[in-house]
Amino acid sequence: MTDSGKTPDLAFQGNLASRRDQMFPLLNAAQLARLQRYGQRRALRAGEILAEPGDRGLPMWVVLSGSIEVLQVGMAPEAIVVTHTAGGFSGEMSTLRGISTVVRVRVGSEGEALQIDENCLRTIVQTDSELGELFLRAFILRRVGLIQAQASDVILLGSSHSADTLRLQQFLTRNTYPYVYLDIREDVAACELQERLKLKASELPVVICRGVVALKNPSTEEVAACLGMNQPVNDQRVRDLIVVGAGPAGLAAAVYGASEGLDVLVLEIGTPGGQAGSSSKIENYLGFPTGISGLALAARALVQAQKFGAEIRTASPAMRLRCEDRPYAIELASGASVQGRCIVLASGVEYRQLKLENAARFHGAGIYYGATATEAKRCRGDEVVVVGGGNSAGQAAVFLAGTSSVVHMLVRSQGLADTMSRYLIRRIQDTPNIKLRVNTQITSLAGTDELERVTWTTSPSGASETLPIRHVFLMTGALPSTPWLSGCLALNEKSFILTGPEVPTQNLDPKLWNTGRRPEFFETSLPGVFAVGDVRCGSVKRVAAAVGEGSACIQQVHMVLGLQPSPAPCP
Ligand SMILES: Cc1cc2nc3c(=O)[nH]c(=O)nc-3n(C[C@H](O)[C@H](O)[C@H](O)COP(=O)(O)OP(=O)(O)OC[C@H]3O[C@@H](n4cnc5c(N)ncnc54)[C@H](O)[C@@H]3O)c2cc1C
């Protein structure tokens with residue numbers, strides 16, 4: 001019980017308990033004095049509701065006297081996350097982003113608070129290093145606490161054998177959104193809920209949004225809209241820079257662009273992180289000697305971009321670039337469009353798929369394109385197949401060997417030496433439950449709703465083997481995500497974007513290219529439109545290279561915009 005004697009204190013459970021001081025620090029007199037000029041004082045009346053889950057654009061409340069309760073609302077009665085007293089402050093990551101909150105905020109006892117709006121909060125985070133660090137650390141830990149507490153009013157009702165359930169799990173997890181997962185194959189509560197809501201099995205998975213709306217097998221766009229994950233589109237506002245894709249390259253462009261004063265909007269079709277987000281452990285990225293998961297790297301980059309004021313729209317695909325418009329316009333799936341004076345294309349690549357006629361049926365129901373903890377849970381203790389001979393395949397095999405009984409690694413070529421880093425080859429050799437099969441390809445898949453059997457064939461003998469394997473991880477390379485650009489730009493024969501010296505002069509259409517100069521190194525055949533990372537022809541397909549290109553292109557964006565970094569708008 002808490003001091004108030006009401007309900008348990010959710011956020012202090014588990015391994016976050018030791019970080020309570022960082023999660024809920026108390027501001028000292030000097031820090032409170034520094035904050036005064038950024039906010040307005042307002043009275044707190046006991047019982048007053050300051051925010052409900054779903055409310056957007058909330059300010060931060062710094063308690064001067066009295067108290068504020070933060071409550072998590074879920075299937076169970078509301079639970080107090082924390083009670084802020086004098087020196088405490090409300091807020092978590094959604095406050096900084098100006099998107100929907102996931103908690104209820106209520107005044108506990110009467111008093112006074114300093115109310116600081118989103119813009120001023122961002123200015124403090126960017127300009128006051130002590131308070132900025134203190135707020136950011138607290139906000140991140142609070143979000144982690146909310147996720148771990150598993151007491152959200154957002155419920156995903158599904159089955160661990162369904163592709164769409166996996167899609168929605170990945171979407172919510174990679175967006176660090178707190179939700180409760182109920183599996184109809186394992187949870188009694190799930191079956192009860194299914195009955196209560198009169199849901200047919202064919203209507204699953206269902207996302208129950210804010211305890212009210214039941215979305216049946218929704219698209220990620222629908223989930224994002226229902227949960228208020230994005231700010232409303234303002235199609236009149238002309239941004240300095242629109243970045244397409246929130247993989248490592250796009251996030252780096254957003255961090256550098258926003259930190260140098262540009263008004264940056266990032267559009268992401270799925271969830272931030274790109275391919276790197278589906279990597280269980282990246283070990284060759286500078287500065288992380290023990291490795292870092294793609295998800296953790298993406299989450300940090302996302303916070304960093306938001307700290308500097310970049311707006312990130314998740315589940316928001318760029319559908320078409322209107323290349324004849326000035327400023328450029330990008331059409332969104334909703335029918336609205338956004339405008340930017342410069343564009344950075346960082347849309348990366350999409351995984352190659354198996355050329356078997358029934359392969360598409362098993363996507364997410366036995367065939368996976370990433371190996372993270374979410375997928376590993378699905379095949380714990382089972383035999384799995386990893387297809388591919390590159391570093392991503394090697395990482396997946398080593399990672400899955402930790403939880404699966406046997407990892408069959410199928411490689412079309414004669415060995416790994418030409419395609420994989422030596423440290424990974426050694427690790428594969430040293431892992432007894434990884435069985436490497438060279439000159440081998442999958443030739444048939446079988447199953448009804450889910451994958452049940454896999455057949456592979458080895459050349460030149462033509463010997464085939466069929467095993468009752470239910471999980472295949474495809475790590476076989478990728479194609480550039482450029483079809484949406486539909487003839488706007490010069491591409492190479494494989495549809496990667498040509499930039500700088502690679503752009504043939506005859507591709508510079510005088511109606512569109514009217515500057516009298518050659519494209520800058522990252523600039524495409526359209527002035528002010530840049531391409532970075534894996535989608536760019538000739539780039540090195542690595543996280544560090546993508547981050548480097550995303551960062552470096554901002555200097556060229558400034559040059560084209562003719563802008564100098566401008567100060568933040570808050571006093
Ligand atoms: C499993 C795996 C493991 C890997 N491990 C390593 C490693 O250990 N070390 C290493 O250096 N590299 C590794 N890589 C490679 C590395 O992840 C990539 O080189 C890097 O992610 C490229 O970054 P990017 O931002 O250019 O593109 P991507 O990561 O492909 O990101 C592009 C983003 O754009 C989005 N997008 C696409 N089209 C649109 C659109 N129309 N509208 C809006 N958004 C769009 C995508 O959803 C995606 O999020 C790995 C790759 C994989 C798949």
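How do the residues of the shell around the ligand divide into nonpolar, polar and charged?

1. **Make-up of the shell.** This is a predicted model. The shell around the ligand holds 16 nonpolar residues, 13 polar ones and 4 charged ones.

2. **Who lines the site.** The ligand is surrounded by 33 residues. The closest are Glu268, Gln275, Asn284, Gln395 and Asp534.

3. **Polar contacts.** Glu268, one of the closest residues, places a polar side-chain atom 2.6 Å from an oxygen atom of the ligand. A polar backbone atom of Ala318 is 2.9 Å from a nitrogen atom of the ligand. A polar backbone atom of Pro248 is 3.2 Å from an oxygen atom of the ligand.

4. **Cover.** On its own, the ligand has 1000 Å² of accessible area. The protein covers 92% of that area.

5. **Elements around the ligand.** Four elements are listed as giving two or more residues to the shell. They are helix H9 (248-259), strand S18 (349-351), helix H12 (391-401) and helix H14 (543-561).

6. **Packing of H9.** Helix H9, which gives two or more residues to the shell, also packs with helix H10 (residues 294-307). Two numbers describe such a pair: the angle between the axes and the distance between them. For H9 and H10 the angle is about 25°, and the axes are 9 Å apart. An angle under 35 degrees counts as roughly parallel, so H9 and H10 are roughly parallel to each other. The crossing of H9 past H10 is left-handed.

Key:
Residues are numbered from 1 along each chain as its sequence is written. This is a predicted model: local features need pLDDT of at least 70, side-chain atom pairs count only at pLDDT 80 or more; totals for chains, interfaces and linings use all residues. Side-chain values use heavy atoms; hydrogens and water are left out. A residue is near a molecule or strand if one of its heavy atoms lies within 4 Å of it. A polar contact is a pair of N or O atoms within 3.5 Å; within protein, one must be able to donate a hydrogen and the other to accept it, and residues adjacent in sequence count only if both atoms are side-chain atoms. Accessible areas come from the Shrake-Rupley method with a 1.4 Å probe; for residues, only the protein chains shown count as cover. Ala, Val, Leu, Ile, Met, Phe, Trp, Tyr, Cys and Pro count as nonpolar, Asp, Glu, Lys and Arg as charged, and the others, Gly among them, as polar. Axes are lines fitted to C-alpha atoms, for helices over the stretch in contact, and angles run from 0 to 180 degrees between N-to-C directions. Angles under 35 degrees count as roughly parallel, over 145 as roughly antiparallel, 65 to 115 as roughly perpendicular and the rest as oblique. A crossing is left-handed if the near helix is turned anticlockwise from the far one by less than a right angle, and right-handed if clockwise.
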